[in-house]
Amino acid sequence: MADDDAPLDAATPAPRTPAPRSRRLWIGVGATLALVVALGLGAVAAIWWAVHSTAGTAWLASWVPRLTIVAPKGSLVGDFSAERIEIGLPGRAGTLRLDAPRWHALGVTRGSDGRWLHLTIETLHADRVVLLPSTTPAPATSEPAAALSTLRLPVEIEIASATVDELRFGADAAAAAVRGLHARVHLGADGGKLHRFDDLSASYDGARATGRATITADAPLAVDAKLAAASVDATPAWQASAAASGPLEAIDVAASARVTPTATRPAQSFDGRAVVHPFAPWPLGDLRVTTQALDLSAFSRAAPQTSLSGEATATTSGRDRPAVVSIALANDSAGRWNEGRLPVLRLKGELRARPDDPRVLDVQSLVAELGAGRLAGGSITATGRWAPDGWNVAAELRRVRPSVLDARAPETSLDGKVDLVGTGFVTTTPAIEPVVEVRADIAGPLVDKRLSKAAPAQAHLKLDARVSAHAIELRSAEARAGKARATLSGRLARTDANAPWHATGKAALADFDPAPWWPGATDSLWSRGVNRLEAKGDFDIVLQPSNGDVYAQLAAVRGRAHVAVADSLVAGVAITGSAGLVNPDGAARPTLDLVAGGNTVHAQGRLAASGGRDEWQLAVDAPQLATLSPWLVAARTAKAGPRTAPVAGALKASGRVDGRWPDVRSEGELHGTGLRYDTIAVRRAEGRWKVGSAADATLDATLDVDGLAVA
């Protein structure tokens, strides 16, 4: 056919040859590799930025759970500091707070033996480390902790010098504190097999301790630790040592202490040995502790002087059989508490618990024989039980003589019972808080030789209270002696741990004499005459927190309080009066009106939040100063003991005080006739004063005295 033989049109394009598949594959691989390289370089750059800049360090820390860094400066690599670091510890261990932490010359190199990195720090320091207790409720059930199988770390850490100025257990200023801590730390030594803590040292309450410790990183996690302590500039001197060795699951702990004998004290000793199982339900294995003439005051200034001899033991015979902890101590240096001694002659007790259920503890018996020297002070016998659903303690007092325990206490012999019941201490429900119920019923005769023959012969105390973290409810507290009676009831509550306390309550005294309850020293005010108090008071106040002095604390109180005294006697002086405090708006207004032996005192003030705005007005009209003689005590002399100081005459004074000490301004006047105090007498006195503020420091005063005589 002609058409079949015709040539192709020259305008028709020729078909394309398809690109090879291998070429497209290499292009995809190249693009992927480029992306991976870019991402890798970006990650390296991000890590470099994170560890070498302040902003990067803060960003990196924000990703670490339970870690808070406040005001970081510097970088993780090199030098770093912060205002504060808070670390949430596992479980209910609480929070570790580091104040002003900082380190110098942190270096990072490639790790060895399969570890990622090797970190070195030249110095690591914190001004203060505080262990804050946990506020999380304890679980209803407690499972034993799982034993560790390894302590291997992915990094090696060396700290040439780690120091802490103060380690405090609790936020309270009175909490126990260890100072001057130092250590040299190497985590992952010997290729990761060992953790070392060398050159350990610290100070606590007049003592200095040094030591070292190691623990292997692989099973059986062998512990080897030694500690030595000694007194510093203390008499008598003492030395102590402790050692722990063995696998972590069963550590053998031994401790001893020796006190150098003196001319007045024999040699003292303490020896103890125990096996500790940290991961067992019942961590305490066999234990034996012995003491000989041990004086607790040699180890702590806050402890009383003692001479303790005896032993404490703990024995176990099986997981399903009760473990028995017993204690028996004798105190050959028993004495009154006000003399800095411990008024306990002997202490004996027994505690039982099953190792397979250590949550239940039974106090089979605890008997304390009280006394001072050869004086018997009675006894206290207690039993109790601790369990997850609650605990209780029942104590029985038998012929307890408070004056033998403390010379300032009344001479009596008390019998009665005190019961404590606690609930809610083991719970997972935040709405349920721990509560302690307290009930006491105690009675005894009043036989103090310092009391008058007309004093009541029998005293009776009753208490019913409920105490929790956010509320203290005093249902009733009553003290009776004959016709005399003192009562108090009230409630102290707050909505949460950071809220102020709100206190409400009522108190009353009827024909009440304080002397039988607390005679005090031989020259106390109560011992100088007849006492009879008739008073009623009530309060409804909010206790705002304040770190200032007593004036600042009063100014911070909101609410009202009032007390009225009628037809009363104090040391034979007749008194009536009232006192009150009102503060609805931040300016506390205290008032006082008192009539004592025919002499009157009136005071009213205004305590502002700012001390410079305080105001006081005072007025005294005392035409019968002689009636106040029983309240005043003359100076002691070499030949005579304390005695009342004769006072006489008439005095009238008024004045005004503005501001708060030491920046005060004052003016006033006084008029006196026939004045006498002890050996000083003045026939007539007239005076006026005006004191400027601390800024101008002016004083304008005149005093006209006639007939001054000194015997």
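Arg179 stands opposite Ser203 in E10. The two strands here are E9 (residues 177–188) and E10 (residues 194–204), antiparallel and paired over six bridges. Strands are DSSP runs of E with at least two residues, helices are runs of H or I with at least four, and both are numbered from the N terminus. Two strands pair if DSSP finds at least two bridges between them.

Ser203 also has a bridge partner in E11, namely Arg208. E10 and strand E11 (residues 207–216) run antiparallel and are joined by nine bridges. They form a hairpin with two residues between them. In that turn, Asp205 has a positive phi of about 50°.

## Basis of the model

This is a predicted model; local features need pLDDT of at least 70, side-chain atom pairs count only at pLDDT 80 or more, and totals for chains, interfaces and linings use all residues. Residues are numbered from 1 along each chain as its sequence is written, and side-chain values use heavy atoms, with hydrogens and water left out.

## Overall make-up

The protein has 39 strands and five helices. It has 711 residues, of which 31% count as buried. Buried means under 20% relative accessible area, exposed means over 50%, and partly exposed lies in between (1.4 Å probe, protein chains only).

The accessible surface comes to about 41,100 Å². Carbon and sulfur atoms hold 61% of that surface. Areas come from the Shrake-Rupley method with a 1.4 Å probe; for residues, only the protein chains shown count as cover.

Contact means heavy atoms within 4.5 Å. Among contacts in the protein with a separation of 6 or more, 44% are between residues 24 or more positions apart.

Strand E24 (residues 435–445) pairs with strand E23 (residues 414–423) in the antiparallel sense, over nine bridges. Lys417 has Asp441 of E24 as its bridge partner.

E24 is also joined to strand E25 (residues 458–468). These two run antiparallel, with eleven bridges. Here Ala440 has Leu463 of E25 as its bridge partner. In a regular strand the side chains alternate between the two faces of the sheet.

## Aromatic pairs

The structure holds two aromatic pairs. In one of them, the ring centres of Trp238 and Phe299 are 4.8 Å apart and the planes stand at 50°, so the pair is tilted. Trp238 is in strand E13 (residues 238–247), while Phe299 is in the loop between strand E16 (284–294) and strand E17 (308–315). The pair links distant parts of the chain, 61 residues apart. Rings of Phe, Tyr and Trp (its six-membered ring) pair if their centres lie within 6.5 Å; planes under 30 degrees apart count as stacked, over 60 as edge-to-face and the rest as tilted.

Trp238 is buried, with a relative accessible area of 7%. Phe299 is partly exposed, at 23%.

Ser269 lies in strand E15 (residues 268–276). Its relative accessibility is 17%, so Ser269 counts as buried. Beyond its neighbours within four places in sequence, Ser269 is in contact with Ala257, Arg258, Thr290, Thr291, Gln292 and Leu294.

Val108, Trp116 and Leu117 make a nonpolar surface patch of about 320 Å². Patches are made of residues with over 30% relative accessible area and no salt bridge; nonpolar side chains (Val, Leu, Ile, Met, Phe, Trp, Tyr) are joined within 5 Å, like charges within 9 Å. A salt bridge is a side-chain nitrogen of Lys or Arg within 4 Å of a carboxyl oxygen of Asp or Glu. Val108 is in strand E6 (residues 102–110). At 39% relative accessibility, Val108 counts as partly exposed.
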